[in-house]
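User: Can you walk me through this one? I'd like to start with the ligand, then look at a couple of residues.

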Amino acid sequence: MTAVQEKAVNSTAAQEVRRLRATFATGRTRSVQWRLDQLKAIETMLTDGEPAIAAALASDLGRPANDTFLGDIAPPLAEAKFARKHLRQWMKPQRVGVPLSQFPGRAWYDYEPLGVVLVIGPWNYPVYLTIGPLVAAIAAGNCAVLKPSEHAPATAAVLADLVTRYLDTDAITVLEGGAEVTQDILAQGLDHAFFTGGPEVGKAVMAAAAPHLTPVTLELGGKCPVFVAADADLDVAARRIAWTKLLNSGQTCIAPDYLLVDASVREAFLPKLADAFRDLSPNRDGGRQLPIVSSRHAQRLADLLDNHGGEVLLGGGAEPDQRKVDLTVVVDPNLDAKVMQEEIFGPILPVVTVESVDAALAHITSGPKPLAAYIFSGSKALQRRFRKTVSAGAVVANHVAMHVLVPELPFGGVGNSGMGAYHGKWGFETFSHRKAHLNRAVRPDPRLLYPPYNAITQRILRFVF
Ligand code: NAD
């Protein structure tokens, strides 16, 4: 056995996966009651654990407690409640019709758990984006390994502690660590890998899953555009954009990445946007010195402002060593500047003036498909045109990011922003195998359906099949 093979067999990941596989083999995670109990336990865990989670997120991300409730407690709690309410309905086998060739017979499909699955979480909403997929994995009857992000280490430690205290640890485990731990878990050949993070790491996860044919769901990122049309309600647009951009210092995968503003409303809109940022920022200062996850990311954001070629409307400062960056609005940067080419994932907002709807649509559709695209417009016809023209994980009219809170909508990307989806029943489907069943009656069993065929039986076969 080579050293690599030996590690794959004896590592903590290997032992944990073996332990979970043994639990899955007992069949206990398949029962409805086990699933309901674990979902209820997640709700209790999140409610009881909120103070510890808030403290950990304050340490990891500098996040205020109320934002933690909004971003990391309320959404997975709602997911767990929704799943518990609908689980029995989701699990019902679905009868389907059979063609003449299969008469008499009965056909149906049902949902089978996949086995032992992996959830790889990012650092930006480290509880929501780990426990949300776990809700779906449990609802579907799986055992699960959670690998929270090493970039939010205090939260990862709290998650490991809470899961141990509240959930069935024979079926659910948390493995802390970085990329090498994730790679080691993937090397065990799991039954599904659910990844949330950036497209580059997504490729590494997919490559590590490929040798085992482990199916993947990739929840990735990208540049989410917001188009502010000539007939938009500018006050509402400014407020909603500012609020969702300020949340978690802009480190949100579905936050506005950049704005396209119709030239006819540019002058009226920019002061409203600046006012909204001043009004809604934590110290009513327009968002000075917002906390960033690490100095490396703060430096990356500062670098994005190099040679942008635009005019700074708000902010502009960064102190990477202090993990701080100002909310910065840059008006009309060069379209080939870094800030317009790379996903921002922080409190920087470029605003680009567009001369027409056509120009806005052409800009959006010329880039990779975003995770979400937003339009502010009072015109139903324009909203429809935007929806039909722009391919994105989601399209929202007159708000930003709120689709994430509708559990009946699939949440996921397309193209560069990801593959697969979850939330509500979509998550249950993602973590289930849709198993096909056909039961045929033994009689009748006419001889003429079997070879050798003559001219008459061939005609009958052509009619029946
Ligand atoms: P990250 O650096 O925390 O990485 C995510 C996870 O991948 C971590 O658990 C990490 O340990 C693991 N990882 C890193 N390198 C790896 C490798 N080589 N092999 C295997 N695993 C590896 O998070 P990030 O990627 O910086 O997150 C930010 C990105 O996530 C942004 O692009 C953002 O848009 C995206 N995002 C998407 C969603 C969504 O729901 N679609 C949500 C949040 C964030």
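This is a predicted model: local features need pLDDT of at least 70, side-chain atom pairs count only at pLDDT 80 or more; totals for chains, interfaces and linings use all residues.

User: OK. Which residues come nearest to the ligand?

Analyst: Gly121, Ser149, Glu150, Leu220 and Glu343, out of 30 residues around the ligand. A residue counts as near if one of its heavy atoms lies within 4 Å.

User: What does the side chain of Lys147 have 2.8 Å from an oxygen atom of the ligand?

Analyst: An N or O atom. That is a polar contact, meaning a pair of N or O atoms within 3.5 Å; within protein, one must be able to donate a hydrogen and the other to accept it, and residues adjacent in sequence count only if both atoms are side-chain atoms. The side chain of Gln183 also places an N or O atom 2.9 Å from a nitrogen atom of the ligand. Glu219 uses a backbone N or O atom, 3.4 Å from a ligand nitrogen.

User: How much of the ligand does the protein bury?

Analyst: 90% of the 850 Å² that the ligand exposes when taken alone. Areas come from the Shrake-Rupley method with a 1.4 Å probe; for residues, only the protein chains shown count as cover.

User: Switching to Asp257. Is that residue buried or exposed?

Analyst: Buried, because its relative accessibility is 4%. Buried means under 20% relative accessible area, exposed over 50%, and partly exposed in between (1.4 Å probe, protein chains only).

User: What does the Asp257 side chain make a polar contact with?

Analyst: The side chain of Lys223, at 2.6 Å. A polar atom of the Asp257 side chain also lies 2.9 Å from the backbone nitrogen of Ile344. Not counting residues up to four places away in sequence, Asp257 touches others too, including Glu343 and Phe345. Contact here means heavy atoms within 4.5 Å.

User: Last one, Ala144. Buried or exposed?

Analyst: Ala144 counts as buried, because its relative accessibility is 0%. Among the residues Ala144 touches, leaving out those up to four places away in sequence, are Leu20, Val117 and Ile172.

Key: Residues are numbered from 1 along each chain as its sequence is written. Side-chain values use heavy atoms; hydrogens and water are left out.
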